[in-house]
Amino acid sequence: PVGSMGNSTSRLYSALAKTLSSSAVSQHQDCLEQLDSAQLDPIDPKDLLEECQIVLQKRPPRFQRDFVDLKKNAAANHRPIRVMQWNILAQALGEGKDNFVQCPMEALKWEERKCLILEEILAYKPDILCLQEVDHYFDTFEPLLSRLGYQCTFFPKPWSPCLDVEQNNGPDGCALFFLKDRFELINSANIRLTAMKLKTNQVAIAQTLKCNETGRLFCIAVTHLKARTGWERFRSAQGCDLLQNLKSITQGAKIPLIICGDFNAEPTEEVYREFSNSSLNLNSAYKLLSPDGQSEPPYTTWKIRPSGECRHTLDYIWYSQHALNVNSALGLLTEEQIGPNRLPSFNYPSDHLSLVCDFSFNQDPDRLL
């Protein structure tokens with residue numbers, strides 16, 4: 001049960017409520033983009049979580065997921081860096097295009113689904129948050145997360161499929177958020193991915209950050225590769241282009257790297273092998289949850305469409321294994337938790353599961369290269 005709302009919460013509630021009327025907002029996107037969020041009052045995450053829980057009180061409670069401790073060596077000499085990767089499902093696509101035949105339309109209502117997404121983010125308190133399929137950036141995520149202390153960056157797809165949906169809220173894209181009290185932005189690149197030298201509709205954001213506590217630099221990147229069967233070679237070309245860009249940004253792996261993304265590719269695909277075998281010396285963090293440390297999870301997305309059930313591993317957090325340790329990773333939802341109607345649902349807001357890892361810097365990264 002949630003306690004009564006005090007003044008601070010009711011003031012906050014109006015901030016949350018203002019993000020509800022999305023169609024009105026999309027007509028005023030220009031004004032919103034000029035709005036300086038730094039002038040808005042900071043929000044206490046506990047207050048925002050309480051607001052979300054009030055909106056969600058008729059829904060079933062959040063699923064319990066536990067972190068798995070993966071530390072094989074002595075404790076790190078700094079606070080770990082928590083990174084969250086999540087394709088949150090664009091609202092326009094969820095309601096207008098994706099045909100989740102077992103998910104009631106009621107479960108997709110933005111007013112509530114937005115609060116489920118925020119609740120998940122607030123529950124895991126990431127230092128860095130990488131999202132795909134964000135089509136409510138200017139009216140929801142940027143205003144709220146900037147007030148929680150995050151620096152926010154958004155790069156929309158040039159031709160977003162959301163724009164084909166009536167009453168859409170603008171294009172979807174990738175978004176990257178980091179806590180300003182933990183990191184300093186050194187440089188930022190918005191990358192439009194190419195395939196066979198042609199510009200494509202897929203994008204990435206890559207930012208070099210300095211960790212305030214250690215003074216160490218690292219690069220964080222977020223991307224979302226082309227979907228659908230039959231586009232494997234295209235995804236492979238996009239992956240090569242992204243790796244080339246990241247080689248340049250990280251000076252050939254001198255700067256440690258974390259790449260979050262919905263790759264739309266199973267581990268059997270060429271693009272996965274490119275990342276595994278890259279000269280950047282990358283490993284996939286979620287492999288470490290398997291008994292032998294060599295296998296990806298059985299699924300990161302599970303949904304039912306008119307064509308049938310789709311259960312795939314498509315989402316990854318790659319990292320420089322010579323320079324970074326994975327201290328822990330968040331376990332996935334079990335089949336029993338997901339339930340027979342699969343995702344999204346009244347319990348869970350997206351058709352993709354969030355991935356969360358805690359990283360620490362190796363003491364002597366060069367020795368391991």
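Me: How do the residues lining the largest cavity divide into nonpolar, polar and charged?

Reply: Start with the general idea: roll a probe the size of a water molecule over the atoms and you see where empty space is left. Here, in a predicted model, the lining of the largest cavity splits into six nonpolar residues, one polar and four charged. Among those residues are Arg 62, Phe 63, Glu 119, Tyr 124 and Pro 349.

Me: OK, and how much space lies in that largest cavity?

Reply: About 70 Å³. The count of cavities of 30 Å³ or more comes to one.

Me: Now the largest pocket. Which residues lie nearest its centre, and which strand gives the largest share of the lining?

Reply: The pocket holds about 910 Å³ of space. Its lining has 34 residues, and Lys 226, Ala 227, Arg 228, Asn 264 and Arg 305 lie nearest the centre. Strand E7 gives the largest share, four residues. At least two residues each come from E7 (198-211), helix H8 (232-249) and strands E11 (301-305) and E12 (308-312). By type, the lining has 16 charged, 10 polar and eight nonpolar residues.

Me: What about the largest nonpolar core: which members touch the most others?

Reply: In soluble globular proteins, nonpolar side chains tend to be buried together. In this core of 72 residues, look at Ile 128, Phe 177, Ile 220 and Phe 359, which touch the most other members. Helix H6 (residues 110-124) provides the largest share, eight residues. Another core, of 24 residues, lies apart from that one and includes Leu 242 and Phe 275.

Me: Which residues is Ile 128 in contact with, leaving aside neighbours within four places in sequence?

Reply: Including Ile 81, Met 84, Phe 177, Leu 209 and Ile 220, plus Arg 82.

Terms used: Residues numbered from 1 in each chain as written. Predicted model: local features only at pLDDT ≥ 70, side-chain atom pairs only at ≥ 80, totals over all residues. Heavy atoms only, no water. 1 Å grid on protein atoms, 1.4 Å probe; cavity = no way out; pocket = protein on both sides within 12 Å on 5 of 7 lines; lining within 4 Å. Points joined across faces, edges and corners; volume = space filled by probe spheres on them. Nonpolar A, V, L, I, M, F, W, Y, C, P; charged D, E, K, R; others polar. Core = buried A, V, L, I, M, F, W, Y, C linked by side-chain atoms within 4.5 Å. Buried < 20%, exposed > 50% of the residue type's maximum accessible area, 1.4 Å probe, protein only. Contact = heavy atoms within 4.5 Å.
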